[in-house]
Amino acid sequence: QATIQDYFDNVPCTGTIQGLLDLVKEQETSTEKQETLVHMIRQAIPPSKYYSAGSVDISKFRHTSFGASIYTVFTEPIHNYASIHVQRQLNAALKGEGQDSENFDLIDKVARHCNSAHLLKTAAEQESRRLYTAAYIYRQCLNEEVKKITVHSFVTQIKTDSLQLYVPEYDLELSVVLNDQSLPSGQHRYDALLNQMELSWLDDDDDDDKSNKRILRP
């Protein structure tokens, strides 16, 4: 929240996710920067989790989008096992039959299983996107007329020896370690006080070395 607020000068503070999204939409005119800021906001939102309502203090949890203290899904049985379990409970309740709603340990075990499966699914989707994007770029670079692809990327986080970059065109966030491979003939200096990175490198085009310098901030 503080990073997004600091990005804009002299704007009212907001403490909600929707307020930050509206702020980005109203204040930022660049589509690519809008996408980057929205990505940063969504990355900061804690991932959704399933809980057994009878085994936790529900006052400590709220649904991010709807602000509801108790929220469940039951309309996606093809995609979510949790929907199947909730449908079984709902069906049993409508028929007046006994159900496992009082067996909190069993429901909590199902919830933890669904959380683990969701994390694995999300990780697989991200790695699949990276793999196919890398394959696409590789095929494009095989074309002698293309040779290399240049795209805009935005710094979202700075560390001592690395940068976190977001590439709107491919909807990818990548971590780039600054070394001889990623920054040949170059140097980097991280200023922890200002949270900025100074990069310097040489261009070796047409046998005319040019010195370049950039100061990066998230």
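I looked up which elements line the second largest pocket of this predicted model, and I found that helices H1 (2-7), H3 (31-44) and H5 (104-141), together with strands S1 (154-158), S2 (162-167), S3 (172-177), S5 (196-205) and S6 (208-216), each supply at least two residues of the lining. Strand S5 gives the most to this lining, with five residues.

I then noted that the second largest pocket has a volume of about 1,500 Å³ and is lined by 42 residues, of which Val 151, Ser 153, Phe 154, Leu 163 and Leu 165 lie nearest its centre. Sorting the lining by class, I wrote down 25 nonpolar, nine polar and eight charged residues.

Next I turned to Ile 149, which I found in the loop between H5 and S1. Is Ile 149 buried, exposed or partly exposed? Its relative accessible area is 33%, and because this value falls between the 20% limit for buried and the 50% limit for exposed, I recorded Ile 149 as partly exposed. Setting aside its neighbours within four places in sequence, I listed its contacts as Ile 137, Gln 140, Cys 141 and Tyr 170. Ile 137 is twelve residues away along the chain, and the C-alpha atoms of Ile 149 and Ile 137 are separated by 7.4 Å.

Last, I looked at how helix H2 (residues 17-27) packs with H3, and I noted an angle of about 170° with the axes 10 Å apart. Angles over 145 degrees count as roughly antiparallel, and H2 and H3 are therefore roughly antiparallel to each other. In this contact Ile 17, Leu 20, Leu 21, Val 24 and Lys 25 of H2 meet Gln 34, Leu 37, Val 38, Ile 41 and Arg 42 of H3, and these residues divide into seven nonpolar, one polar and two charged.

Key. Residues are numbered from 1 along each chain as its sequence is written. This is a predicted model: local features need pLDDT of at least 70, side-chain atom pairs count only at pLDDT 80 or more; totals for chains, interfaces and linings use all residues. Side-chain values use heavy atoms; hydrogens and water are left out. On a 1 Å grid over the protein atoms alone, a cavity is a set of points where a 1.4 Å probe fits but cannot get out, and a pocket is an open set with protein on both sides within 12 Å along at least five of seven lines; lining residues have an atom within 4 Å of a point. Grid points are joined across faces, edges and corners, and a volume is the space filled by probe spheres set on the points. Helices (H or I, at least four residues) and strands (E, at least two) are DSSP runs, numbered from the N terminus. Ala, Val, Leu, Ile, Met, Phe, Trp, Tyr, Cys and Pro count as nonpolar, Asp, Glu, Lys and Arg as charged, and the others, Gly among them, as polar. Buried means under 20% relative accessible area, exposed over 50%, partly exposed in between (1.4 Å probe, protein chains only). Contact means heavy atoms within 4.5 Å. Axes are lines fitted to C-alpha atoms, for helices over the stretch in contact, and angles run from 0 to 180 degrees between N-to-C directions. Angles under 35 degrees count as roughly parallel, over 145 as roughly antiparallel, 65 to 115 as roughly perpendicular and the rest as oblique.
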